[in-house]
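Me: Here is a structure I would like to go through term by term. Please set each label against its cut-off.

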Protein chains: 4
Amino acid sequence: MTLKVGVLGYRFMGKAHANAMARLPMFFPDAPEVERHVLVGRDEDALADAADRLGFENTATDWEDVVGEVDAFYNLGPNHVHADPAVAALEAGTPVLSEKPLANDLESAERMAEAAESAGVPTATAFNYRFVPALRYAKNLVEDGEIGEIRHFRGQYLQDWLVDPEAPWSWRNSEEMAGSGALGDLGAHTIDLARFLVGDVERVSGHLRTFVDERPVEGENETRPVTVDDAYSAQAELEGGAMATFEASRFADGHKNDHTIEIHGSEGSLRFSLERLNELEVLREGNRGYETILVTDEDDPYLDHWWPPGHVLGWEHTFVHENYEFLSAVDSAASESSGSGGGDYRPDFEDGLAVQRVLAAIQESDERGEWVSVA
Amino acid sequence: MTLKVGVLGYRFMGKAHANAMARLPMFFPDAPEVERHVLVGRDEDALADAADRLGFENTATDWEDVVGEVDAFYNLGPNHVHADPAVAALEAGTPVLSEKPLANDLESAERMAEAAESAGVPTATAFNYRFVPALRYAKNLVEDGEIGEIRHFRGQYLQDWLVDPEAPWSWRNSEEMAGSGALGDLGAHTIDLARFLVGDVERVSGHLRTFVDERPVEGENETRPVTVDDAYSAQAELEGGAMATFEASRFADGHKNDHTIEIHGSEGSLRFSLERLNELEVLREGNRGYETILVTDEDDPYLDHWWPPGHVLGWEHTFVHENYEFLSAVDSAASESSGSGGGDYRPDFEDGLAVQRVLAAIQESDERGEWVSVA
Amino acid sequence: MTLKVGVLGYRFMGKAHANAMARLPMFFPDAPEVERHVLVGRDEDALADAADRLGFENTATDWEDVVGEVDAFYNLGPNHVHADPAVAALEAGTPVLSEKPLANDLESAERMAEAAESAGVPTATAFNYRFVPALRYAKNLVEDGEIGEIRHFRGQYLQDWLVDPEAPWSWRNSEEMAGSGALGDLGAHTIDLARFLVGDVERVSGHLRTFVDERPVEGENETRPVTVDDAYSAQAELEGGAMATFEASRFADGHKNDHTIEIHGSEGSLRFSLERLNELEVLREGNRGYETILVTDEDDPYLDHWWPPGHVLGWEHTFVHENYEFLSAVDSAASESSGSGGGDYRPDFEDGLAVQRVLAAIQESDERGEWVSVA
Amino acid sequence: MTLKVGVLGYRFMGKAHANAMARLPMFFPDAPEVERHVLVGRDEDALADAADRLGFENTATDWEDVVGEVDAFYNLGPNHVHADPAVAALEAGTPVLSEKPLANDLESAERMAEAAESAGVPTATAFNYRFVPALRYAKNLVEDGEIGEIRHFRGQYLQDWLVDPEAPWSWRNSEEMAGSGALGDLGAHTIDLARFLVGDVERVSGHLRTFVDERPVEGENETRPVTVDDAYSAQAELEGGAMATFEASRFADGHKNDHTIEIHGSEGSLRFSLERLNELEVLREGNRGYETILVTDEDDPYLDHWWPPGHVLGWEHTFVHENYEFLSAVDSAASESSGSGGGDYRPDFEDGLAVQRVLAAIQESDERGEWVSVA
């Protein structure tokens, strides 16, 4: 059976997922066959162009026509259009992958997670960094107890594309469309990795800041208000007792896409930086210092599919792994008796909702000036 | 005139300052002449030994006999014995250098700062990292506007000497003696550098944790309670609008004395790590990435006193610079008309008090679970 | 017009080039249309499998049937089978891409370069590292005079897959098949980059070593002799007066695919490491230290085709760039009046021959124990 | 007994050794008592000044008056004045420490080594980098077999103080006074470390270059010829079968005092850089990557004398360790029956001569264009 995939969104994320699907046959021969069936968007010319370039068979301008007709629906649009198409797809029994954060507000995220639970089909919140081989290797170390009891988690996600006050306004600067700024866009990844590597976030203290209040609209003689945070920080307590600090900024001069994770446990420590995504720094018992491991050996996660040791992977490979796992789950659910196969893929909508709860708690904490428990 | 210095404390800090004084004549020929006049301690045998090794002319077991008889008094004892000798010395008109944090509680620190103000003589809170050449170079960059308006300050001070739950109890684990744990011992340095490089801390949200509640007493068959934090984190707002995060731990496996400072501004960024203290990473306007500067050139701060470029300095050199500056201020105050010369040396007791207010606010914030303004 | 490509070889390099061709339409829409037309190999079962996985329309077991029937012929076999198929293809007027080194001996390389010159069609020696964006950026800096007059070139290519004396014998250990060992396999890349970034190699002093003389044959109860070098080093003088040192090893424990290049000029310096292939370290005039540049901005070489800044590329992307350039040259030559369009693509067979001359001179120097001029 | 030390030379090296001696009592209480007895130089005013600053009791303008009157004689002058005073001292039975390289030519070095052997007293060639704790730790790893059989040694010593063609002429640019340039000044250190860590150098192929032929004399309207190398490289074979490459330059833009050592063995690898002298990178069996070890723990070489873990040492500390070891050897030889105690201290004049033989062989190899065996 060939899985027909419908995709809403054809810009950055559309290209990343289309490329991932295109690469499966050569590198993951046991992946299900996938047809990039239909690409959904509003601007017909741009859409036709994109469908041609990204290898889609068909286009559609209305997602309502699509969500019930495909084997999997990818929602890659802005945050405020995540909920309705996803819920409609799920109500039609269609598995859904949604870009992160799951929604622009907690209520929408809850609605999506409920729909997922009712549907009993695979869902994905596209936290692609869980599929970085070095982080999956880190996860294995943690699970094997090599780091011991975890005391500290520290995650920073630094970008600098808004340092210039004249950088143009985009939907990512709008609370209505994005929900939040650096917090939801970048912090959601960090919080998901904290949950992946350590455990749930129990309570938080948050701090949000907007440094530049309005920005010019590209090609127009006006400005629009920035209604989201340019940067956030948070302190947290994690399940199991670890302290955590989270931070993200779009004002960190010199940092393009610099997501770093550091963990200290009773037996060892870990460090990771997305800009050197093939490397994991590990302090293990018996060693004195951090060991810089190039996670490209044949028995490293996913690496047997690619190149010999030392032939490094790039950012986009995380999407290939993510698509491989999600589409395999979709395929396997479809071939099982109906309704029983939705639970395997992670991170799913439930994970997306859990992150959304932390995002909401951080915002609430910032507003109230006090610690907030995550429901 | 030869300055007679009296020193209370002859362990780690006593050695660091005695060494610093001993090295002045060869490397800072314009420093005042200094006599290590008297070493103060309670254990007469250990004291005699230390005085011999550290080059002191005399010993005394009671600081009250000393504080009025010397040209400068160094208080290097545990935090809870900072206040009384310092105040007594200042009341006798003797300049005082105190190890950091200034005191074990805010009230004592205030008493010390008031005494300093009344005395009108030079005082020092021994935040020696202000005297790292790379950080002084950083300060110059900030003052020259090379980093622009500062948006983010991030400071972490990581050690690992308490990871082992069997590591022995010391006065540093006692609230009564130390005031706080990682917060006061390590965080005080971070907060001082935030003030030095950016500006005052205006409000904070703090988080303190004790991971191990009691520890064995060395050589005895008992344990004592740990009544201070093993680790802390804090969020802050700084004068001028920067966001800040502070963090320190004695549970960061693999980190011995790893104090890192990161700053992002509208025109550039800075990074520093104490374990590579000769280096400063600078992102400047016109450049795309961080430039790793080895701050050992002849025209770098203090470097003309030492060795040719590339011949790196160590941790202890910060004490030589600190002693040079403080003793020069003492000498210069002594030769001016009385009472007029106390204001030049920084960081002084006022700076120590400012840091103590932040420490207290972080503790209060942790207790109350909400943001606290620094008085 | 769709270019029909025939490819000899379906293992590591076959996969790398097939993937590169497959990715052109999505990322390089102005590339010519390409059909993976025919895959050539001897083992019919493995071949059919590979053709299926790598997306080839047809298979063939004899290259002689193929070389005249395709628009471009890729020779990706072991070094000793580079010459005959390439020459046959060129005699048929077919453009050829050959894996590196160009041949297993100088005589074959000369024959290939002569055939290329007679044919007047595009040829390529597959030195893919010329297509690393960071190295192309480095090349631009050198050409713009930002590094000044070059004094030093230093290139090391370190691997460790033969450290274990029980690692199995392969054709790469046979002089007859490979020509040389670390020298031709790894050193050829280094020498090509020296030529690319600085200039021709004028004279050399070489040193070759075989640490383990025979190795077990996998799955058989016998050993075969290792007749090539496990490691080499060389000193050289380059066109324009720079000193150079080259080195490669298959015995460098802990290094998987670690190709580093360092250049010092009168105005600046450069450093590159293949295991961090998105980064270039640059010392520029006006700066004091190396600046770590993440070469992923939109206006960096080839980067406008991929992802936003900071979303790093991997090793395989160099093959996409290489195929894009070579196939564009093939397409453009085909559409010009016949015979006139062969000269544009670099590195071509003439470049491959130039490297081969250096390889031969290093071997000769090692044998004679003296410096050897490169003819 | 207090050792009276006479020192010829009061500039850079004079200051480094005077400081080292001054610091012994506080940090190495078991070191012999040392008196900085007499400082020797020609310019009486500068000499008096230096003696005052560096803590010498007396001055002398003629070394002949000194060499027989002291318990140890330090020859820190330019290379061409190493031999005569050293030989005279040894003939008087006085232990001698000589700065490196041992002499400006092989004949003088041989004369010095012969005198040392006849005298039977301790001698030192001041290869201070053997006393870097991280390198001593490396030596222990090698001796314990942790790195296995050594295959590769790579040493580079990069400086940039001659990049500017207008940088002034000094005695270090004169063959008559210095013997050689980068080779003897910097390469001697590298070669000594190869001998220390691996074994003797058996044969070499050398390459020397002078990039700028004459330089201005400071404060005068003339230039003088540069008669030594600005940079050298060498290939070598070491005792036990390792391949080696050595390189040094005074034209490596951006490098101040960057001495790096890399070793690959059958069981592991090591990396060291002088600009981060507290760190050693170690690849050990059982690990996958290099471990960055901060060599500052209490049980690391010499570290129990200094500060707690993580409180880094500087370049000058190597001289303290060197003086401690040499003066202890002098003291112990003096207290034994005469003539029997000279053999313990290393690196001695015999080691200095061994390095000088390699320097001479590299120069000869460069002249003859062929490999040269080290006698």
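This is a predicted model: local features need pLDDT of at least 70, side-chain atom pairs count only at pLDDT 80 or more; totals for chains, interfaces and linings use all residues.

Reply: Residues are numbered from 1 along each chain as its sequence is written, chains are lettered from A and ligands numbered from 1 in the order in which they are written, and side-chain values use heavy atoms, with hydrogens and water left out.

Me: Why is A:Asp45 called exposed?
Reply: Exposed means over 50% relative accessible area, buried means under 20%, and partly exposed is in between (1.4 Å probe, protein chains only). A:Asp45 has 63% relative accessibility, so it counts as exposed. This residue is found in helix H2 (residues 44-54) of chain A; helices (H or I, at least four residues) and strands (E, at least two) are DSSP runs, numbered from the N terminus.

Me: What makes A:Asp43, A:Glu44, A:Asp45, A:Asp49 and A:Asp52 a negative surface patch?
Reply: Asp and Glu count as negative, and Lys and Arg as positive, with His and the chain ends not counted. A patch takes residues with over 30% relative accessible area and no salt bridge, and joins like charges within 9 Å (nonpolar side chains, namely Val, Leu, Ile, Met, Phe, Trp and Tyr, within 5 Å). The place of a charge is CG of Asp or CD of Glu, NZ of Lys or CZ of Arg. A:Asp43, A:Glu44, A:Asp45, A:Asp49 and A:Asp52 form such a patch.

Me: How do you know that B:Asp192 and B:Arg130 meet in a salt bridge?
Reply: A salt bridge is a side-chain nitrogen of Lys or Arg within 4 Å of a carboxyl oxygen of Asp or Glu. For B:Asp192 and B:Arg130 the N to O distance is 2.8 Å, and the pair is a salt bridge. B:Asp192 lies in helix H7 (residues 182-197) of chain B and B:Arg130 in the loop between strand S6 (123-125) and helix H5 (133-143), 62 residues apart. B:Asp192 has a relative accessible area of 1%, so it is buried; B:Arg130, at 4%, is buried as well.

Me: What makes B:Asp185 and B:Arg250 a salt bridge?
Reply: Their closest N and O atoms are 3.1 Å apart, and the pair forms a salt bridge. B:Asp185 is in helix H7 of chain B, and B:Arg250 is in the loop between strand S12 (243-249) and strand S13 (258-265), 65 residues apart. Both B:Asp185 and B:Arg250 are buried.

Me: Why are C:Arg271 and C:Glu281 called partly exposed?
Reply: C:Arg271 has a relative accessible area of 23%, so it is partly exposed. C:Glu281 is partly exposed at 25%. The two form a salt bridge, with closest N and O atoms 3.2 Å apart.

Me: Why is strand S1 (residues 2-8) of chain D called largely enclosed?
Reply: 5 of its 7 residues are buried, so the rest of the structure largely encloses S1(D).

Me: How do you know that S1(D) pairs with strand S2 (residues 33-40) of chain D?
Reply: Two strands pair if DSSP finds at least two bridges between them. S1(D) and S2(D) are joined by 7 bridges and run parallel. D:Gly6 stands opposite D:Val38 in S2(D).

Terms used:
Accessible areas come from the Shrake-Rupley method with a 1.4 Å probe; for residues, only the protein chains shown count as cover.
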